[in-house]
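Subject: Structure for you to look at

Hello,

Here is the structure I promised to pass on, with the sequence alongside. Have a look at it first, and then read on for what turned up.

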Amino acid sequence: MKEYTYTEKKDTRSGFGDGLLELGRQNPNVVGLCADLTGSLKMNAFQKEFPERFFQVGIAEANMIGLAAGMTIGGKIPFAATFANFATGRVYDQIRQSVAYSGKNVKICASHAGLTLGEDGATHQILEDIGMMKMLPGMTVINPCDYNQTKAATMAIAEHDGPVYLRFGRPVVPIFTPADQKFEIGKAVMLNEGTDVSIFATGHLVWKAILAGKTLAEKGISAEIINIHTIKPLDVEAVLASVAKTRCVVTAEEHNRLGGLGDSIAQVLATAHPAPQEYVAVNDTFGESGTPEELMEKYGLTEENIVAAAERAISRK
Amino acid sequence: MNPHNQSIEELKQTAAQVRRDIVRMVHAVNSGHPGGSLGCTDYFVSLYFKVMNYSTDFTMEGKNEDLFFLSNGHISPVWYSVLARAGFFDVKELATFRKLNSRLQGHPTTHEGLPGIRIASGSLGQGLSAALGAAQAKKLNNDDSLVYVLMGDGELEEGQIWEAAMYAAHHKVDNIIATVDKNGQQIDGSTDEVMSLGDLRAKFEAFGWHVLEADGNNFELLLPALDEAKAATGKGKPVLILMNTEMGFGVDFMMGSHKWHGVAPNDEQLEIALQQLAVEQASDY
């Protein structure tokens with residue numbers, strides 16, 4: 001098992017904020033919109049440096065999405081940001097009609113996704129957003145795994161012409177990907193080559209997959225670990241190449257098992273290469289209040305859950 | 001400048017031709033929304049044949065051009081006819097309205113690449129936000145042309161409109177002229193029966209808008225109102241026209257009733273409508 005270390009932990013939302021600031025300096029067409037969560041989204045630095053390109057929308061997410069769509073008509077690249085719940089479920093029809101169907105170059109930037117926002121509870125812990133967004137034709141869906149990758153992704157999506165859903169979160173997590181990485185939309189990242197089981201993880205679950213890989217190695221199991229930062233378009237080639245070798249799969253995500261990364265992988269397997277698959281995901285339920293660690297444990301999103309899922313998948317080969 | 005710059009007499013002839021197109025389009029596919037389309041014809045014809053500065057050589061950005069957004073997308077027949085008659089595409093294409101593989105979808109869309117359209121609409125309440133975004137982009141681009149947007153009165157029941165209304169005043173988006181098609185009708189009945197809109201002038205003024213009223217079915221009154229609206233731009237406030245129209249205007253049996261919101265005329269009714277919509281030189285597609 002390849003060694004991964006880290007010296008610092010940071011929140012992925014800060015990767016977004018820092019990426020946006022750098023992007024603002026590089027590209028005068030980049031504009032920021034936020035619905036009264038500027039501090040939580042780490043957009044203060046962008047707002048301070050580019051006040052004329054930052055638009056406070058107030059608590060009015062539907063309007064924010066429409067505004068962003070309209071701004072693209074004048075050649076702007078809007079980064080419209082709020083919590084993941086309000087950036088998707090609350091404004092699904094606005095995204096569908098004004099952004100996706102209209103083919104607008106809007107970047108929907110969503111923080112506090114999944115369970116790990118913690119104590120605020122289920123009203124704020126969206127676990128369905130990946131599913132909703134990936135269902136929209138033409139929408140790119142990205143869920144990076146750490147600060148560096150979120151920063152790189154934020155900058156990369158400005159170069160992509162089309163709507164993007166960028167999902168990140170609140171908790172501090174180890175920074176283990178390189179600061180100078182080139183983020184390629186739709187390109188899976190091989191973290192560890194293995195032969196017994198393929199673990200496809202996204203977002204905060206990628207680090208847990210690495211930890212699980214170490215435990216599995218101690219048990220004599222060779223796990224292939226792949227970071228799927230882009231859920232749509234899915235790197236089908238990478239998925240099939242890995243499964244051809246390992247012949248069984250674990251998917252890991254901070255999302256409902258319905259509609260997330262696991263389902264995207266399952267669809268590929270069902271049509272191209274049937275193989276046993278185990279889900280590490282929230283089992284079709286809402287979250288609740290608690291610390292992020294408590295919630296991840298209660299809802300089955302830990303390193304231990306990934307290890308157990310890998311063993312189950314291998315036993316079903 | 002406006003590529004047509006028609007006189008009032010010419011505008012009346014154009015409007016009659018557009019109304020002929022509308023009833024023929026919805027009749028041909030036995031679907032679509034003639035009522036609101038007929039009511040707003042004079043407004044569309046005023047904008048595209050007199051008031052707006054634009055080029056028929058369409059670009060998405062429309063740099064240094066006035067832009068138009070239709071929020072109540074169901075009145076697509078009037079917009080399609082006006083775009084074709086103004087020169088954005090061949091009028092023959094109106095015959096494809098609502099048919100398979102057409103660029104003239106039931107509700108307007110950019111998806112099929114129809115020139116003149118900058119965003120999809122149909123699901124109500126979204127157009128004002130998009131128009132405001134386009135208006136703010138114009139400001140960032142130091143482009144001092146204007147953005148026009150039309151909304152239905154029933155559409156004002158959507159909450160997003162009021163989010164956008166609040167935003168426009170707060171951010172002093174004063175390069176926009178929004179118009180409400182005040183025909184007092186919606187699908188289930190009159191707006192008074194379905195959901196009272198109350199005093200719209202007072203409501204928008206309370207939201208910080210400059211509000212004026214217009215008769216939308218009389219060029220002699222509508223054109224000065226559009227001039228007045230233009231003169232009110234650039235003064236720190238968004239501008240709203242409450243435009244009184246009659247649903248179905250121009251076809252007597254369609255006028256004043258919500259029943260023709262989304263119903264097409266039959267063969268006999270089409271003949272009667274076309275007799276009432278006579279033009280000096282009809283050029284039906």
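Across which strands of chain B does helix 9 lie? Please keep in mind while looking that this is a predicted model. Helix 9 (residues 219-231) of chain B lies across strand 3 (176-182), strand 6 and strand 7 of chain B, and runs at about 165° to strand 6 of chain B.

Those strands bring us to the sheet in chain B. It is an open sheet of five strands in the order 1-2-3-7-6, with parallel pairing. Its edge strands are strand 1 (67-70) and strand 6 (210-215) of chain B, each of which pairs on one side only. On average, neighbouring strands of this sheet are turned by 20° against each other, direction ignored. Strand 6 of chain B and strand 7 (residues 239-244) of chain B are joined in the parallel sense by six bridges. To find this pair on screen, look for H210(B), which stands opposite V239(B) in strand 7 of chain B.

Now to chain A, starting with its domains. Chain A is divided into domain 1 (9-174) and domain 2 (189-315). Taken over C-alpha atoms, the centres of these two domains of chain A are separated by 25 Å. Domain 1 of chain A gives 27 residues to the contact, and domain 2 of chain A gives 30 residues. On the domain 1 side, the elements that give two or more residues are helix 6 (129-134), strand 6 (140-142), helix 7 (147-157) and strand 8 (172-174) of chain A.

Chain A also has an open sheet of seven strands, ordered 3-2-4-5-7-6-12, and here the pairing is mixed. Strand 3 (54-56) and strand 12 (230-232) of chain A stand at the edges with a single partner strand each, so one side of each has no neighbour in the sheet. The twist from one strand to the next averages 20°. Within this chain, strand 2 (residues 30-34) and strand 4 (residues 77-83) of chain A pair in the parallel sense over five bridges, and F79(A) in strand 4 of chain A is the bridge partner of G32(A).

Is strand 11 of chain A buried or exposed? Five of the five residues of strand 11 (residues 223-227) of chain A are buried, so the strand is largely enclosed by the rest of the structure. A223(A), I225(A) and N227(A) point one way from the strand, while E224(A) and I226(A) point the other way.

Strand 11 of chain A pairs in the antiparallel sense with strand 9 (residues 189-192) of chain A, over three bridges; there, N192(A) stands opposite I225(A). With strand 10 (residues 197-201) of chain A, strand 11 of chain A runs parallel, joined by five bridges, and F200(A) stands opposite I226(A). Between strand 10 and strand 11 of chain A, the chain passes through helix 8 (residues 205-218) of chain A in a right-handed β-α-β crossover.

Helix 8 of chain A is worth a look too. At 1.5 Å a residue, its 14 residues should span 20 Å, and the end C-alpha atoms of helix 8 of chain A are 20 Å apart, which agrees. Its buried residues include W207(A), I210(A) and L216(A). Just after helix 8 of chain A comes G220(A), with a positive phi of about 85°.

Happy browsing, and best wishes

Terms used
Residues are numbered from 1 along each chain as its sequence is written. Chains are lettered from A and ligands numbered from 1 in the order in which they are written. This is a predicted model: local features need pLDDT of at least 70, side-chain atom pairs count only at pLDDT 80 or more; totals for chains, interfaces and linings use all residues. A residue is buried if 20 or more other C-beta atoms lie within 10 Å of its own, exposed if 12 or fewer, and partly exposed in between; C-beta atoms are placed from the backbone. Helices (H or I, at least four residues) and strands (E, at least two) are DSSP runs, numbered from the N terminus. Two strands pair if DSSP finds at least two bridges between them. A crossover is right-handed if, with the strands pointing away from the viewer, the path from the first strand over the helix to the second runs clockwise. The expected span of a helix is 1.5 Å times one less than its number of residues. Axes are lines fitted to C-alpha atoms, for helices over the stretch in contact, and angles run from 0 to 180 degrees between N-to-C directions. Two residues are in contact if their C-beta atoms, placed from the backbone, lie within 7 Å. Domain bounds come from an automatic or database domain assignment.
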